[in-house]
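Biologist: I am new to this one and would like to learn how to read it. Could you show it to me and take me through a few features?

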Amino acid sequence: MNVLVMQGIGDSLWTLPKLQAIARAHGSCTINLKVAVWNRDEAESRAVDLLRRIPIVDSVELYSMPRDGRPSACLLHGAPAGDDGIYRYIPDGPTDEYPGVDFVAIANRALDRGVRLEDWLPEYATNWSVFDGLRIDASERIYAHAIERSRGITAGYVVMFHSSVAGNTHSGWNRGSLWKPRQWVDLARKLHDSMGVAVISIGASSDRDYWDVLRSDPTTAGMTYWHSLIGRLTIGQTLALIQRARAVYSYPSGIGVVAHYLRRPTCFFWRRHGNPIDSRANVSPSDAMASAWTYPDAGDEYLPAWYGETTVDQIVEHAIKAGW
């Protein structure tokens, strides 16, 4: 069965717990993912390698969506979001609108509204075990282990993903810098001081500019336990590094989604509904989205943190109490 999914790592992963049931209900035993894109570049193809590592997925390829005046590849014509701040996605379900596509699966339609993943397309059963056995090869695991040895990390490490300057200032979940660079610095320091962990920051090459901002703070001069692998990892090395981490602290992105689905303790940042991610498009998902996609039994292993509200001390206190 050929299933059209969105291009983002988190956006595409959110569909997976339903896909086996969808395929079976429509008489298929295969899952061939078509990743909706406009441009076949690194930014839009970033989910492909990860999706190919999911055991239930038979194939993955980029799918060029029509450029017909829509604001994005998987949105309807007109405004990107409605008056409620929710993106206006193309319809889910069986389709003959797109050649070579049998079914459109966009879990964000429900999640953006705070509807639990189980209740998106409720006629199809949810299988939370699809992330078990995600393929990480031996060389990638060896690389992650070697990072600890080469950098003298003896008490474990946590992973941080901060995103870019643009995502933390002009538009994005931290638009206007509600969570400031100094707070990342304080969080790294307090996690190390309280638990002895090293801190490893990761991300794409485009995220290096924000790392430069963080390390320009003069108080970071002695923080030799804070390392950057930003722009230096393959997706497999990233997965292996996350899988060995004690915890992950993430700007809203596929990094945080992957970390949670790999059962790593995860702190994931969110922006309150009514305070748009992009004020020009009035995009503002429901607050309930923060947990609508998580494992039903997540408990203390998942912490939604709110930009402008949650403090560094609250995050560290949760990590200590939960044994992260």
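Biologist: Which residues of H8 are buried?

Modeller: First, a word on the source: this is a predicted model, where local features need pLDDT of at least 70 and side-chain atom pairs count only at pLDDT 80 or more, while totals for chains, interfaces and linings use all residues. Residues are numbered from 1 along each chain as its sequence is written, and side-chain values use heavy atoms, with hydrogens and water left out. Now the terms: buried means under 20% relative accessible area, exposed means over 50%, and partly exposed lies in between (1.4 Å probe, protein chains only). Helices (H or I, at least four residues) and strands (E, at least two) are DSSP runs, numbered from the N terminus. In H8, the buried residues are Ile-235, Gly-236, Gln-237, Thr-238, Leu-239, Ala-240, Leu-241 and Ile-242.

Biologist: What do the buried residues of H8 pack against?

Modeller: Contact means heavy atoms within 4.5 Å. The partners of those H8 residues are helices H3 (48-51), H5 (138-150) and H9, together with strands S6, S7 (198-202) and S9.

Biologist: And what does the largest nonpolar core look like?

Modeller: A nonpolar core is a set of buried Ala, Val, Leu, Ile, Met, Phe, Trp, Tyr and Cys residues joined through side-chain atoms within 4.5 Å. The largest one here has 108 residues, and Leu-13 and Tyr-249 have the most contacts inside it. Helix H6 (residues 181-195) gives this core its largest share, 6 residues. A second, separate core has 14 residues, including Met-6 and Ile-106. As for Tyr-249, its contacts include Phe-161, Trp-184, Cys-267 and Trp-324, leaving aside residues up to four places away in sequence.

Biologist: How do H6 and H7 pack?

Modeller: Two packed helices are described by the angle between their axes and the distance between the axes. Axes are lines fitted to C-alpha atoms, for helices over the stretch in contact, and angles run from 0 to 180 degrees between N-to-C directions. For H6 and H7 the angle is about 70° and the axes are 9 Å apart. That makes H6 roughly perpendicular to H7; the label covers 65 to 115 degrees, while under 35 is roughly parallel, over 145 roughly antiparallel and the rest oblique. Pro-181, Trp-184 and Val-185 in H6 meet Tyr-210, Val-213 and Leu-214 in H7.

Biologist: How many aromatic pairs are there in the whole structure?

Modeller: Rings of Phe, Tyr and Trp (its six-membered ring) pair if their centres lie within 6.5 Å; planes under 30 degrees apart are stacked, over 60 edge-to-face and the rest tilted. The search finds 20 such pairs. Phe-161 is buried at 8% relative accessibility, and Tyr-251 is buried at 6%.

Biologist: Which ring does the charged end of Arg-263 sit over?

Modeller: A charge sits over a ring if NZ of Lys or CZ of Arg is within 6 Å of the ring centre and within 35 degrees of the ring normal. Arg-263 has its charged end over the ring of Tyr-295, 3.7 Å from the centre. Arg-272 lies over the face of Trp-306, 3.8 Å from the ring centre.
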